[in-house]
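Subject: Structure handover

Hello,

Here is the structure I promised to pass on. Please open it first, then read the notes below it.

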Amino acid sequence: LPLLLKATLLRLASGSYHPFYNGFYYNHIMNDEQDKVDYFSGSKLVVEASKDPVYSYNGANVTLPCHYRYEPDVGPKRKIRIKWSKLRDDYTKEQDVMVAIGKTYVAFGDFKGRAHIRQAGETSWHEASLVISDVHLKDDGKYRCEVIDGLEDESDVVDLRLQGIVFPYQPPRGQYRLNFHEAEQVCQDQGAILANFNQLFQAWSEGLDWCNAGWLADGTVQYPIRLPRKPCGGVHLAPGIRSYGPRHRHLHRFDAFCFSSALKGEVFYLDRLAGMTLEEAKQSCQDAGAEIARVGQLYSAWKFVGLDRCNAGWLADGSVRYPIVTPRANCGPAEPGVRSFGFPRKGRFGVFCYRER
């Protein structure tokens with residue numbers, strides 16, 4: 001029976017296969033003889049998920065609340081199918097996360113070993129909540145909780161949002177040099193992922209103003225403008241997210257908007273009296289039991305930990321930057337932010353290191 005259940009779970013996850021429309025199949029294959037009940041008993045299946053977004057961060061464990069009940073309650077029923085899927089922003093495609101029947105479940109893709117149904121508590125609602133451990137940056141998004149009972153199929157949607165920061169990124173060779181796939185890679189190299197539109201919009205609402213267009217995770221190219229000006233779409237356009245729409249992922253080249261979340265470790269600064277070359281900086285971090293920090297890690301430490309340092313330091317990509325929370329004389333512009341000296345080929349600076357806790 002367990003092998004049969006697992007095989008059925010795998011087929012349930014397929015978008016092109018809908019066995020739950022066949023009552024005979026479930027009555028005679030999925031259920032024991034004593035579990036047979038009338039599909040049309042007059043009891044209504046109700047599914048309810050969290051209406052408010054669920055917030056988490058990279059590396060944490062999170063529960064996406066979802067419960068179901070019958071109106072009126074008809075007492076114990078046969079085993080229910082619970083399916084969780086991750087939705088695209090436009091709802092046109094789903095990524096299978098997990099399918100469960102009773103205590104037997106199958107998780108799919110990157111969710112293997114990280115997803116399970118929360119154990120039931122003392123409540124009139126039946127448990128269908130999804131628990132995700134070691135949250136990844138790309139877990140951010142909308143999830144469908146679907147409960148299938150014979151011919152009945154009800155669902156609701158939960159929005160998982162990672163607490164993070166969006167930052168624009170240009171490679172050492174300059175502006176507008178990245179196709180979509182290269183943009184994905186440079187964000188990953190900096191401890192981040194390509195931002196989605198919702199993340200960019202949130203960053204814009206918090207004050208991000210950037211006149212260079214960059215790739216987003218859906219293959220569109222956009223940029224956030226707080227202060228309309230001539231080179232950035234014109235002075236007569238209202239503030240907002242300017243969009244070039246979808247672009248060719250191989251041929252067209254722009255910058256990237258990367259998204260990084262809160263850190264599991266710490267970023268700290270090291271220096272020598274005479275400064276360090278990039279190679280010396282990397283070695284100093286290793287000697288301290290750490291590694292040279294990535295750009296995304298520095299931005300995260302600035303936003304979530306309040307890292308404030310008016311000394312420039314090397315980062316893993318060969319850039320030199322420093323984070324300012326409290327603007328002051330001789331520390332750059334009057335606004336908080338991460339300042340950049342670009343990618344100097346020569347020079348001696350301090351270094352920002354990252355160490356796991």
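A residue counts as buried when its relative accessible area is under 20%, as exposed when that area is over 50%, and as partly exposed in between. C285 has 0% relative accessibility, so it counts as buried. Please keep in mind that this is a predicted model.

**Disulfides**

The angle about the S-S bond is -80°, and the link of C285 and C353 is left-handed.

How many disulfides does the structure hold? There are five. Count the bonded cysteines along the protein chain and the pattern reads 1-2, 3-6, 4-5, 7-10, 8-9.

Another of these disulfides joins C187 to C258, with 2.1 Å from S to S. C187 is in helix α3 (residues 180–189) and C258 is in strand β18 (residues 255–261), so this pair ties together parts 71 residues apart in sequence. The link of C187 and C258 is left-handed, with -80° about the S-S bond. Are its two ends buried or exposed? C187 is buried, at a relative accessible area of 0%. C258 is buried too, at 0% relative accessibility.

Then look at C310 and C331. Their disulfide has an S to S distance of 1.9 Å. Both ends are in loops. C310 lies between α6 (295–305) and β21 (313–314), while C331 lies between β22 (320–324) and β23 (337–340), so the pair ties together parts that are 21 residues apart in sequence. The link of C310 and C331 is left-handed, at -120° about the S-S bond. C310 is partly exposed, with a relative accessible area of 27%. C331 is buried, with a relative accessible area of 3%.

**S260**

Strand β18 holds C258. S260 is placed in strand β18 as well. S260 has a relative accessible area of 2%, so it is buried. What does S260 touch, beyond residues up to four places away in sequence? The list is L137, G164, I165, F167, G191, A192, G296 and S300. A polar atom of the S260 side chain lies 3.3 Å from the backbone oxygen of G296.

**The nonpolar core**

The largest nonpolar core has 86 residues. Which of them touch the most other members? They are L64, Y68, W84, L130, Y143 and F352. By element, α6 gives this core its largest share, five residues.

Take L64 in more detail. Setting aside residues up to four places away in sequence, L64 touches V54, W84, S129, L130, I132, Y143, V158 and L160. Among them are W84, L130 and Y143, which are also on the list of core residues that touch the most other members.

**A three-stranded sheet**

L64 has a bridge partner in β10, namely L130. Strand β10 covers residues 130–132, and three bridges join it to β3. The two strands run antiparallel.

They belong to an open sheet of three strands, in the order β3-β10-β8, with antiparallel pairing. Why is one side of β3 left without a neighbour in the sheet? β3 (62–64) and β8 (115–117) are at the edges with a single partner strand each, so one side of each has no neighbour there. From one strand to the next, the twist averages 25°.

**E154**

One last stop is E154, in strand β12 (residues 152–162). E154 has 35% relative accessibility, so it counts as partly exposed. E154 and V47 are 107 residues apart in sequence. In space, they are 6.0 Å apart from C-alpha to C-alpha. Leaving out neighbours within four places in sequence, E154 is in contact with L45, V47, C145, E146 and V147.

Best wishes

Terms used
Residues are numbered from 1 along each chain as its sequence is written. This is a predicted model: local features need pLDDT of at least 70, side-chain atom pairs count only at pLDDT 80 or more; totals for chains, interfaces and linings use all residues. Side-chain values use heavy atoms; hydrogens and water are left out. A disulfide is a pair of cysteine sulfur atoms within 2.5 Å. Helices (H or I, at least four residues) and strands (E, at least two) are DSSP runs, numbered from the N terminus. Buried means under 20% relative accessible area, exposed over 50%, partly exposed in between (1.4 Å probe, protein chains only). A nonpolar core is a set of buried Ala, Val, Leu, Ile, Met, Phe, Trp, Tyr and Cys residues joined through side-chain atoms within 4.5 Å. Contact means heavy atoms within 4.5 Å. A polar contact is a pair of N or O atoms within 3.5 Å; within protein, one must be able to donate a hydrogen and the other to accept it, and residues adjacent in sequence count only if both atoms are side-chain atoms. Two strands pair if DSSP finds at least two bridges between them. Axes are lines fitted to C-alpha atoms, for helices over the stretch in contact, and angles run from 0 to 180 degrees between N-to-C directions.
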